[in-house]
Amino acid sequence: MTQTSNHGAAAESPAHADAAVPTRRELNKAATRSSIASAALDLLRSNGSGNFTVEDIAASAGVSRRTFFNYFPSLEAALASVADGFMDHALEQFRLRPADESILESAQAALMALADPMSVAPMAELFSLTQDNRQLARSELEAWEHCTEQIIDAARSRLGAGVSELYLHALAGSVISCGKAAMTVWFADRGPDLSAESLAVLRQHLIDAMGLLGAGFAPPSDSVSTAAAASPSVPTTTDRF
């Protein structure tokens with residue numbers, strides 16, 4: 001009986017492994033999407049807001065205008081997608097956390113696992129470039145909305161299909177608000193500085209913001225802040241998430 005069971009499990013493993021491997025078509029689509037997003041950001045850096053079009057982006061990425069719209073509904077959406085890489089990496093780390101760990105502890109641990117401060121660079125640059133620019137405000141908004149959807153999906157996967165939609169949306173909204181707060185405080189202090197040192201500060205702000213949310217925003221104290229700063233581990237929280 002045991003041998004049959006083990007053989008069955010072994011026989012299923014390759015199927016699961018194959019299913020997880022992206023096809024060549026999927027890889028090509030991902031590469032095209034990334035190329036378009038990178039071209040949009042490059043043009044924003046070099047030309048400034050309002051000084052380039054969808055056609056310019058398509059030409060820079062080496063695709064047709066039609067192909068551009070197969071991937072993105074607008075110029076702003078293409079710019080917003082530069083934040084996808086950061087969220088993909090963070091959610092990958094989140095999914096590696098223990099299933100019985102609280103959502104917010106897992107989120108904080110996931111951010112801590114992204115040890116390279118440059119991992120937040122695309123999101124930080126987009127935030128920097130869209131400040132005080134109404135034309136690009138929609139790009140930032142779309143990026144945050146996409147992040148919210150990804151957080152909801154990740155939490156639903158962790159907690160099961162029966163979890164309340166209100167719970168999921170309130171949780172995701174709270175996490176995103178903390179992310180925005182971290183970005184705002186970082187930008188007010190550092191401006192458009194995208195050096196490794198500056199991005200390390202932003203990464204820490206994101207980690208600390210998750211800690212505050214998990215602790216229920218208890219009044220800060222010097223002793224708690226000092227202890228938290230000295231400890232590399234994820235702080236214990238009493239959150240229900």
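This is a predicted model: local features need pLDDT of at least 70, side-chain atom pairs count only at pLDDT 80 or more; totals for chains, interfaces and linings use all residues.

User: Which residues of helix 3 are buried, and how do you know on which side they lie?

Analyst: Helix 3 spans residues 54–61, and its buried residues are Val-54, Ile-57, Ala-58 and Ala-61. They cover an arc of only 95° around the axis, so they sit on the same side of helix 3.

User: What do the buried residues of helix 3 pack against?

Analyst: Their partners are helix 2, helix 4 (65–71) and helix 5 (75–80). Ala-39, which is found in helix 2, shows this in detail. Beyond its neighbours within four places in sequence, Ala-39 is in contact with Ile-57, Ser-60 and Ala-61. The C-alpha atoms of Ala-39 and Ala-61 are 5.6 Å apart in space, while the two residues are 22 apart in sequence.

User: Why is Ala-39 called buried?

Analyst: Buried means under 20% relative accessible area. Ala-39 has 3% relative accessibility, so it counts as buried.

User: What makes Phe-68 and Phe-69 an edge-to-face pair?

Analyst: Two values decide: rings pair if their centres lie within 6.5 Å, and planes over 60 degrees apart count as edge-to-face. For Phe-68 and Phe-69 the centres are 5.2 Å apart and the planes make an angle of 80°, and the pair is therefore edge-to-face. By this rule the model has 4 aromatic pairs. Ring pairs also link Phe-68, Phe-69 and Phe-72 into a cluster.

User: Are Phe-68 and Phe-69 buried or partly exposed?

Analyst: Phe-68 has a relative accessible area of 0%, so it is buried. Phe-69 comes to 35%, which is between the cut-offs of 20% and 50%, so it is called partly exposed.

User: How do you know that Phe-127 and Phe-187 pair, and what does the pair tie together?

Analyst: Their ring centres are 6.0 Å apart, which is within 6.5 Å, and the angle of 75° is over 60, so this pair is edge-to-face. Phe-127 lies in helix 8 (residues 121–130) and Phe-187 in helix 10 (residues 165–190), so the pair ties together parts that are 60 residues apart in sequence. Phe-127 is buried at 5% relative accessibility, whereas Phe-187 is partly exposed at 21%.

User: Where is Ser-128 found, and why is it called buried?

Analyst: Ser-128 is found in helix 8. Its relative accessible area is 13%, under the 20% cut-off, so it is buried. Leaving aside neighbours within four places in sequence, Ser-128 is in contact with Trp-186, Phe-187, Gly-191, Pro-192 and Leu-194.

User: How many cavities does a search of the whole structure find, and what makes a space a cavity rather than a pocket?

Analyst: The search finds 2 cavities of 30 Å³ or more. In a cavity a 1.4 Å probe fits but cannot get out, whereas a pocket is open. The largest cavity has a volume of about 350 Å³. Its lining has 22 residues, and Met-87, Leu-111, Ile-151, Val-175 and Met-210 lie nearest its centre. Helix 6, helix 7 (103–113), helix 9, helix 10 and helix 11 (196–214) each give two or more residues to that lining. By class, the lining has 21 nonpolar, 1 polar and no charged residues.

User: Which residues line the second largest cavity?

Analyst: They are Ala-83, Met-123, Leu-126, Phe-127, Glu-140, Ala-143, Trp-144 and Met-183. The space there is about 40 Å³, and the lining divides into 7 nonpolar, no polar and 1 charged. Glu counts as charged, so Glu-140 is that charged residue.

User: Which helix gives the largest share of the lining of the second largest pocket?

Analyst: Helix 2 does, with 6 residues. This pocket holds about 290 Å³ of space. Of its 13 lining residues, Arg-33, Ser-34, Ser-81, Asp-84 and Gly-85 are the closest to its centre. The lining has 4 nonpolar, 6 polar and 3 charged residues.

Terms used
Residues are numbered from 1 along each chain as its sequence is written. Side-chain values use heavy atoms; hydrogens and water are left out. Rings of Phe, Tyr and Trp (its six-membered ring) pair if their centres lie within 6.5 Å; planes under 30 degrees apart count as stacked, over 60 as edge-to-face and the rest as tilted. Buried means under 20% relative accessible area, exposed over 50%, partly exposed in between (1.4 Å probe, protein chains only). Helices (H or I, at least four residues) and strands (E, at least two) are DSSP runs, numbered from the N terminus. On a 1 Å grid over the protein atoms alone, a cavity is a set of points where a 1.4 Å probe fits but cannot get out, and a pocket is an open set with protein on both sides within 12 Å along at least five of seven lines; lining residues have an atom within 4 Å of a point. Grid points are joined across faces, edges and corners, and a volume is the space filled by probe spheres set on the points. The arc is that of the directions from the helix axis to the C-beta atoms. Contact means heavy atoms within 4.5 Å.
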